Amino acid sequence: MTAIIQIENLSKQYDSGTRALSDVSLSIEEGEIIALLGPNGAGKTTLISIICGLVVPTGGRVLVGGHDIRTDWRAARKLIGLVPQEIALEPFEKVINCVRFTRGLYGEGPDDAYIEQVLRSLALWDKRDAMTRELSGGMKRRVLIAKALSHRPKVLFLDEPTAGVDVALRREMWEVVDQLRRDGVTIILTTHYLEEAEEMADRIGVINKGRLLLVKPTADLMGEFGKKTLTIELTAPLTMIPDELLGRGLRLSPDGRALTYEYDTRADRTGIARLLGDLAGQGIMVRDVSTRQSSLEEVFMTLVSEPRQEVTA
Amino acid sequence: MSGVNWPGVWAIFHHEMMRFFRTVMQSLLSPVVSTVLYFVVFGAAIGGRIQSVEGVEYGAFIVPGLMMLTILQQSVSNASFGIYFPKFSGTIYEYLVSPVGWIEVTLGFVGAAAMKAVLIALVILLTSFFFVGVHILHPFWMLAFLILTATGFSLLGFIIGLWAKSFEQLQIVPMMVITPLVFLGGAFYSADMLPPFWEGVAKLNPVLYLVSGFRWSFFGLADVPVGVSLVAVSLMIAVCCLAIRWIFATGWRLRE
């Protein structure tokens, strides 16, 4: 695969002195979905705003499809679609005209067949003649996506696409992104819904305080940093953990019917086999065992709380 | 101009013109009613005392001034609102992330604002035919002055819209600067009618040059040489274009 976006040593310091980005480097492959995770003010929106042309960087450079965003900005921007975080639409304009307008801005001639296809794929065709102010929040967000797709971009930026929307709509957005993935669109999304990143992204980049802490495939990240919890259900309840098993980090449930054991998947030895053997040795009968992977939220908190060097990915 | 994104220019121009046609009653009726009132007040009331100015019936004499008043007000307000509204609603991001530069954005917004102002001015001219007999001596130059002036003041309005951070700021320049300049720029009188000192002061007003050139195209009468009027409006267009180019190059009030 080839890099559709190449970010090299990108920095941004605002006039106020705030350093929003520090020396960020990142390569994004064509067709992949990458999620940028970070707390509020981490620099996620600044990063995509620079790539899209809304913010002027103070250092570094960005290539989109091989075009420098500053010196060859027309060619670079033609490849990009942006769905902003805030819903910003002309309130007195029809949905279909909004989409046609954006297509025109990108230098494309009229193509109502394609616009119909986009609107249908986003379940907006029936609302094509409605004024945007008459739409629900979820529909407005879909109109923003339709506008961003109106010129067939190769790269789509979704800035907090599900911020402030309900669970059902969030699922709906994920389906839209999944469809775009199948269509081969490269997607860069920022979010602080960790479940969203885990669900959709091929790779996850973690940003904090303007620095890119790491970029890894989602599965690797979960495997590398994810802790697992082993729950052992007991046949007969225990009143307390036997002395021989103390110091293993075991916890007994209030009803005495389950033991939980947390282990690190990165460790050479998880200690599970030994633990089960010792339980048998103590005459404690096991009824069932189950494991649970720690959520990305826990992974994320681990990452941002540990001092790390920024990475080049 | 080969690198210009013409579909982008058309998209902006068309979008702005559609806004005008959506509110056509408000856009056209309001200036026409105002003009009728001007004719009643200035034409009938004052015209009853001033029979003619330099051989031109007073009612006809004020027609170019009324058109110029409308052109200036409409150009500034249309262009300033046109670019300010996307800033206010947040849709300005679209212009900043798409492959359109200062030339496309300016041509689209200013072209539409100037077109609207010219259309309204022509409707006012048609309206005036119901009240006075107006003969246009140089129709080509009348149209040229109309378009050049509308362009110049639309560019100025565009800059005001880029500069403004609130609706109050958006209105303050047209209200405090443009309107007084028009009224003091010979829209309803000839500068020759003023005492010599005030005639000299009036000639410091750039609007006088526009009204004068425009009136010349109607009646062949001018307070200042026509060439000077053309240079004045051309200079205004050039200075405004340079200012807009600078704003987009630096991102002032547009980009962070």
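User: How many bridges pair strand E4 of chain A with E5(A), and in which sense, parallel or antiparallel?

Analyst: Two strands pair if DSSP finds at least two bridges between them. Helices (H or I, at least four residues) and strands (E, at least two) are DSSP runs, numbered from the N terminus. Here E4(A), residues 59-64, and E5(A) pair over two bridges in the antiparallel sense. The bridge partner of A:Val64 in E5(A) is A:His67. The model is predicted, so to speak of local features requires pLDDT of at least 70, and side-chain atom pairs count only at pLDDT 80 or more, whereas totals for chains, interfaces and linings use all residues. Residues are numbered from 1 along each chain as its sequence is written, while chains are lettered from A and ligands numbered from 1 in the order in which they are written.

User: What is the order of the sheet that contains E4 and E5 of chain A?

Analyst: The order is E2-E1-E4-E5 in chain A, an open sheet of four strands with antiparallel pairing. Strands E2 (19-29) and E5 (67-68) are at the edges, and each pairs on one side only. E1(A), residues 3-13, is joined to E2(A) by seven antiparallel bridges, with A:Leu10 opposite A:Val24. These two strands form a hairpin with five residues between them, and A:Gly17 in the turn has a positive phi of about 100°. E1(A) also runs antiparallel to E4(A), over five bridges; there A:Ile5 has A:Val64 as its bridge partner.

User: Which strands form the open sheet of six strands in chain A, and in what order?

Analyst: The order is E6-E7-E8-E3-E9-E10 in chain A, and the pairing is mixed. E6 (80-83) and E10 (211-217) of chain A are edge strands with a single partner strand each, so one side of each has no neighbour in the sheet. On average, neighbouring strands of this sheet are turned by 15° against each other, direction ignored. Within the sheet, E7(A), residues 155-159, and E8(A), residues 186-191, run parallel and are joined by five bridges. A:Leu156 stands opposite A:Ile187 in E8(A). Helix H5(A), residues 137-149, lies across E6 and E7 of chain A and runs at about 170° to E6(A).

User: What span should helix H6 of chain A have?

Analyst: The expected span of a helix is 1.5 Å times one less than its number of residues. H6(A), residues 167-182, has 16 residues and should therefore span 22 Å; its end C-alpha atoms are 23 Å apart, which agrees. Just after H6(A), A:Gly184 takes a positive phi of about 90°.

User: At what angle do helices H3 and H9 of chain B pack?

Analyst: Two packed helices are described by the angle between their axes and the distance between the axes. Axes are lines fitted to C-alpha atoms, for helices over the stretch in contact, and angles run from 0 to 180 degrees between N-to-C directions. H3(B), residues 58-89, and H9(B), residues 206-219, pack at about 135°, with axes 9 Å apart. Angles under 35 degrees count as roughly parallel, over 145 as roughly antiparallel, 65 to 115 as roughly perpendicular and the rest as oblique. H3(B) and H9(B) are therefore oblique to each other.

User: How do H3 and H7 of chain B cross?

Analyst: The axes of H3(B) and H7(B), residues 167-183, come within 10 Å and cross at roughly 165°. These helices are therefore roughly antiparallel to each other.

User: Which residues of chain A and chain B are counted as in contact, and how many are there?

Analyst: Two residues are in contact if their C-beta atoms, placed from the backbone, lie within 7 Å. By this rule, 25 residues of chain A are in contact with 20 residues of chain B. On the side of chain A, the elements that give two or more residues are H2 (73-78), E6 and H3 (95-105). H3(A) provides the largest share, four residues. The side of chain A that touches chain B has 14 nonpolar, five polar and six charged residues. In these classes, Ala, Val, Leu, Ile, Met, Phe, Trp, Tyr, Cys and Pro count as nonpolar, Asp, Glu, Lys and Arg as charged, and the others, Gly among them, as polar.
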